[in-house]
Amino acid sequence: MTATAKRAMWMVGATVLTIGAAEVLGATAGVGIPPEVLIQAALFGCINAMIAVGLVLVYRATRVINFAQAGFGVVASVGFLELMTYEHWSYWLAFPASVLGAAALGFLTELFLIRRFVAKTRLVLTVVTIAVAQLLSVIALSIPGLLGDDGQSLSKSKTFHTPFSSLTHKYGVVVFNGNHLVLLVATVLVVVGMTAFFKLSSVGIAIRAAAENDDRAALLGINTTSLSMIVWIVAGGLAGLAAVLQLCLGIGGGGAAALAGGGAALGLGTMLRVLFAAILGDMENLPTTVLAAILLSVFESAVFFAYSQTAVVDVLVLGLTIGVLLLRRKTLARAGEGTEGSWAASEEIRPIPTELAALPTVKSGVRRVFVFGGIVMAALPWILSPSQTDQAGLFAIYGIIVVSIVVLTGWGGQISLGQFGFVAVGAVVGGALIDRAGWPFPIALLVGSLVGAGVAVVLGLPALRIKGLYLAVTTLAFAVVASTVLLNQRYFGSILPVTVNRPKLFFIRFEDARAFYYLCVLSLGGAVAAALGIRRSRTGRVLIAMRDNERTAQSFGVNLVRTRLATFAISGFLAAFAGVLYAAHQHAVTQSAFGPEQSITLFLMAIIGGLGSVPGALTGALYLGALTIVSSSPIVHGLASSGGVLFFLLAFPGGLGSAVYKVRDSVLRRVAIRRRIYVPSLLGEFGMVGGQMARVPLAPKAGEDPKAPAASPRFRRRSRIGVAGGSQVGKGWSFYGN
């Protein structure tokens, strides 16, 4: 039996199984699920299917998971809504304008961003797409203001009328209209057209060749830059087409503000389902991807019809994603050859050179910096208002989470987009022990942190086989599950804390904003000290070795399994530790406070700060705190975070912390020049003559140039061959000889 026939049998079997599962769910709930409901769900699934096709298209061409795929659709839907309701354009003009606008955004993304990072690793490119997703949400939020909309169209009805809306047909309890038919026809044309494009057209064949080996394709005369541009244009257009058709069906309406608000969360709910469908299709097979998206929509609709909720679908998606990745890891590894690896783009921050560390000037300078920083941190609560002091304590908690990201991603090399899921675990466990069990805060803090470490280890087990981009998808799914299931009153209402009181230790009541701020700052200091201690230990050196080259590390006897799980455990412990503090800070554990978009925001902040060191990454938390003080506008926040990531990845790949350390090195370089101390790490192969940087003159080899001047006595070493029998005896070498 051929591979095509086997795949067809699997597709038929999956369809039968999904429909059967839907009927079983209906029978279990005591309701029969009408077939027209499943048909409607299948049509709705076509929307995610088209987005998934664009995702697969980009992946096949560039081996990059495009997290901005849904964002193109958000911009297109907001633009379409504004053009129809505020500008009063005709449907026949607004529809193509919105789709072409999304395609143009895809072109601009490739031209100004993707092309700039093409020489970087594909993991870095994936981070760029996450930043682009936030940037697209900013564009969507800005469209009404750019068009002069005063807000009247932001509360439009969810029912959107088009020239096809009047073509209706009632089938059972569902009324279908012409927009459903347009969606079905568009999906069929997209699938057939994309399949034929890849197999029959010269451009499609060239894209497949470039995906397999970009360098070889370039040597054969293929313009890979043009191919990448075509792919991003088509992907943006497909996302725009799907989003506009979704709006025409009355799904996801509620005005431009609501649509753009969904984009602010990067469309994570949609992206999770789209990614799941693409993974089932091995990130290559378009028919399988489309069918997976449709069947998932059918099953989700059946669950909602039977139980009026869909959170269990998120658990199913997480479990199936992990299962598929484990079962098909060899196939996906071949499909994603070149994408596997770790986040090795973080720049390691060098300590103060040993040649300068003992100088009184340097020691006093370091002491002044620490004293000044300590005074500022201690004085803040006496300068800020109580609400601002609470906000400062919150950013100290965020700093602990950033430290956990440094351990897992910066040192362990594992991309995690679900760090706030571990925070949620710590908040739920610690908050429940404080509120419901009445445990003392320190014990609840320790137990909650340990449970978070255990959950992280369990999630890290698939990381033994799943790496790179696929692990990022898994952790993202975990963050969604933690938000929709763990914090859902329907499932865990009996253990979720109602009110989490701040602790009282000895005579200190931490209900006071200043006292709790100091507790958060001290906790951050402890987390930083622990992380730096780990980095200096053998464990830290092993983490870096494993991140840079697993095979070499393993050849030196490093236990990769134990090391990777230890990385997850340490990171999970720190994140859950922050979660308990977060629950006490907020006095409650609510579902809205632990959205998966929080994980994305903090991950981007860690990138801005720099994952090479803990102090460097913490500058990202300071960046976020300063941004919050300056403005509360979501547009400003989104633009600053996404633009900050893109700027620092271009100008300072090591992050904001790296830029700060470069300033430190420039000061140390001046100290070295002034003291006439040659520091290789600062001066490289250059020395100093007369207070100026100059190359060291070297003597020519014997017989090469008899007229060449001999090396200056300044750089000669006195020899004691006649006395001691060797040239390396006596006083040590000095750059400035006597």
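The structure holds zero disulfides. A disulfide is a covalent bond between the sulfur atoms of two cysteines. Here the term is applied to a pair of cysteine sulfur atoms within 2.5 Å. This is a predicted model, where local features need pLDDT of at least 70, side-chain atom pairs count only at pLDDT 80 or more, and totals for chains, interfaces and linings use all residues. Residues are numbered from 1 along each chain as its sequence is written, and side-chain values use heavy atoms, with hydrogens and water left out.

Cys46 counts as buried because its relative accessibility is 4%. Cys248 is buried too, at 3%. Buried means under 20% relative accessible area, exposed means over 50%, and partly exposed lies in between (1.4 Å probe, protein chains only).

Strand S1 covers residues 168-171, and strand S2 covers residues 174-177. Strands (E, at least two residues) and helices (H or I, at least four) are DSSP runs, numbered from the N terminus. S1 and S2 pair in the antiparallel sense over four bridges. Two strands pair if DSSP finds at least two bridges between them. Thr168 stands opposite Asn177 in S2. Lys170 has Val175 of S2 as its bridge partner. Two residues lie between the strands. In this hairpin, Gly172 takes a positive phi near 65°.

Move on to helix H19, residues 441-463, which holds Leu445. Is Leu445 buried or exposed? Leu445 is buried because its relative accessibility is 11%. Beyond its neighbours within four places in sequence, Leu445 is in contact (heavy atoms within 4.5 Å) with Phe577 and Val580. Ala576 is 131 residues away from Leu445 along the chain. Yet their C-alpha atoms are separated by 8.6 Å.

Finish with a helix pair. Helix H22 (residues 513-536) packs with helix H27 (residues 614-630) at an angle of about 145°. Their axes are 11 Å apart. Axes are lines fitted to C-alpha atoms, for helices over the stretch in contact, and angles run from 0 to 180 degrees between N-to-C directions. Which residues of H22 meet H27? They are Leu524, Val528, Ala531 and Leu532. On the H27 side stand Val614, Pro615 and Leu618. The contact has seven nonpolar residues, no polar and no charged.

Key
Nonpolar A, V, L, I, M, F, W, Y, C, P; charged D, E, K, R; others polar.
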